[in-house]
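Load the model and keep the sequence panel open. The stops below go one selection at a time.

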Amino acid sequence: MVRILVDSSSDYRPEQLQQQNIELVPIQITIGETSYLDGVDLDRDDFYRILEETGEFPKTSQPSPQDFLDIFKDVAQKGDELVCILLSSALSGTYQSAVLAKSMVEYDNIYLVDSLTATCNIMVMADHACSLREQGMGGADIAVQMEALKSRVHVVAALDTLEYLSRGGRLNKTAAAIGDMAGIKPIITLTADGAVGILGKCLGKNKAICAIKKRMLEQKIDTSFPVYSIYSYGTDNCTLFEEKLGQEGIRTDKRLQIGPTIGSHIGPEAFGIIFVTQAS
C-alpha cells in the first residue's frame with residue numbers, strides 16, 4: 001500500500017486528511033506559556049484571535065525525528081510504501097527530522113520530498129499524489145512526480161502588516177513601523193530554493209491587488225490543476241481580491257485559509273493566490 005504523509009504546514013483540515021487518507025505530523029505552536037499542535041488542537045480563527053488579543057508572538061517548533069520514526073516503523077513493519085511531502089528545508093528543520101528518522105529505520109520504501117514550499121502549495125502537491133496513487137502508481141514514481149511538480153507550484157501573496165515579519169526577526173523594527181504607517185503592503189512569494197522572497201512593496205491594498213494580478217497574468221497556467229485564493233484571518237481583502245481577478249476572467253476554484261505555522265510569520269488580513277504553471 002502507498003501511504004502519503006504531510007506536516008501541518010500543508011494546512012489541511014482534519015476532515016480533508018481523513019477523506020484523502022493522508023497522514024499528518026503536526027508542528028508545535030507556542031503562544032506565551034501554552035503550546036498547541038497545529039492541525040490537531042488549535043483552531044485557525046482562534047489562533048489569530050489570540051494573536052490580536054494578547055500581542056504575543058507565536059513560536060513554531062519542528063517535529064522531532066521520533067515523531068516521524070513512529071510512523072516510519074509502522075510503514076516498514078507492514079511492508080508499505082510512504083511518500084512524505086514536507087515543508088521547505090529553507091524554512092524549517094522538519095525535512096531534516098524526517099531524514100534522521102529514515103536513517104534509523106533503514107527501510108528503502110520511504111520517499112522524502114523537500115517541497116521547497118509551504119502552506120496550501122503542499123496541499124496541491126499531496127492532492128496530486130493521491131490522484132496518482134488512485135491511478136495505481138507506486139511510491140517511488142509518485143515521489144519522482146512530486147520532485148518534477150514542486151517547481152511549478154507558486155504562491156503570490158500580499159501582507160496587510162509588516163509587524164509579524166519584524167517580530168520574527170525577518171525585518172528591521174524601525175523599517176516595519178515606517179512601512180506600516182505609510183500603508184506599504186509587501187508582495188511575497190517562495191523562491192526556487194524554498195525561501196521567502198519579496199517581489200515588491202506596494203502603497204496600499206489596491207496596488208497590491210494589481211501587482212498580484214499582473215504577476216498572475218504573466219504566467220502560463222496549467223488548467224489541469226486548481227487555482228486557489230488564500231487568506232490568513234479576515235476575509236474582506238480576499239473577497240476584494242477575488243472580485244478583481246474575476247474582472248480579468250481569472251476564476252478561483254476555492255478559498256483556503258492559511259494556518260498557524262505560516263500565519264505566525266505573516267499575521268492577519270494577508271491574501272493571495274496559488275497556481276500551477278505549465279511544464280517547460
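Helices (H or I, at least four residues) and strands (E, at least two) are DSSP runs, numbered from the N terminus. This is a predicted model: local features need pLDDT of at least 70, side-chain atom pairs count only at pLDDT 80 or more, and totals for chains, interfaces and linings use all residues. Residues are numbered from 1 along each chain as its sequence is written, and side-chain values use heavy atoms, with hydrogens and water left out.

**Stop 1: two loops with positive phi**

Select D11. It sits in the loop between β1 (2–7) and α1. Its phi is positive, about 65°, although D11 is not a glycine. Buried or exposed? D11 counts as buried, at 2% relative accessibility. The cut-offs: buried is under 20% relative accessible area, exposed is over 50%, and partly exposed is in between (1.4 Å probe, protein chains only).

Now go to N21, in the loop between α1 and β2 (22–25). Phi is positive here too, near 60°, in a residue other than glycine. N21 counts as partly exposed, at 48% relative accessibility.

**Stop 2: Q20**

Select Q20, in helix α1 (residues 14–20). Q20 is partly exposed, with a relative accessible area of 24%. Which residues does Q20 contact, leaving aside its neighbours within four places in sequence? They are D127, C130 and R133. Contact means heavy atoms within 4.5 Å. For a distance check, pick the C-alpha atoms of Q20 and E269: they are separated by 29 Å, and the two residues are 249 apart along the chain.

**Stop 3: strand β7**

Show β7 (residues 110–114). Five of its five residues are buried, so the strand is largely enclosed by the rest of the structure. Both faces are covered. I110, L112 and D114 lie on one side, Y111 and V113 on the other.

Two strands pair if DSSP finds at least two bridges between them. Find I85: it stands opposite V113 in β7.

**Stop 4**

Strands of a sheet pair through backbone hydrogen bonds, either parallel or antiparallel. Colour the open sheet in the order β10-β9-β8-β13-β11-β12; its pairing is mixed. The edge strands are β10 (196–203) and β12 (254–257), each pairing on one side only. Neighbouring strands are turned by 20° against each other on average, direction ignored. Axes are lines fitted to C-alpha atoms, for helices over the stretch in contact, and angles run from 0 to 180 degrees between N-to-C directions.

Zoom in on β11 (residues 228–231) and β13 (residues 271–276). They pair in the antiparallel sense over four bridges. The bridge partner of I230 is G272 in β13.

Next, show helix α9 (residues 205–217). It lies across β8 (153–158), β9 (184–190), β10 and β13, and runs at about 0° to β13.

**Stop 5: the largest pocket**

A pocket is an open set of points on a 1 Å grid over the protein atoms alone, where a 1.4 Å probe fits, with protein on both sides within 12 Å along at least five of seven lines; lining residues have an atom within 4 Å of a point.

The largest pocket is lined by 26 residues. Select L91, A118, V196, I262 and H265, which lie nearest its centre. Which element gives the most to the lining? It is α11, with four residues. β5 (59–61), β8, β9 and α11 (260–266) each supply at least two.
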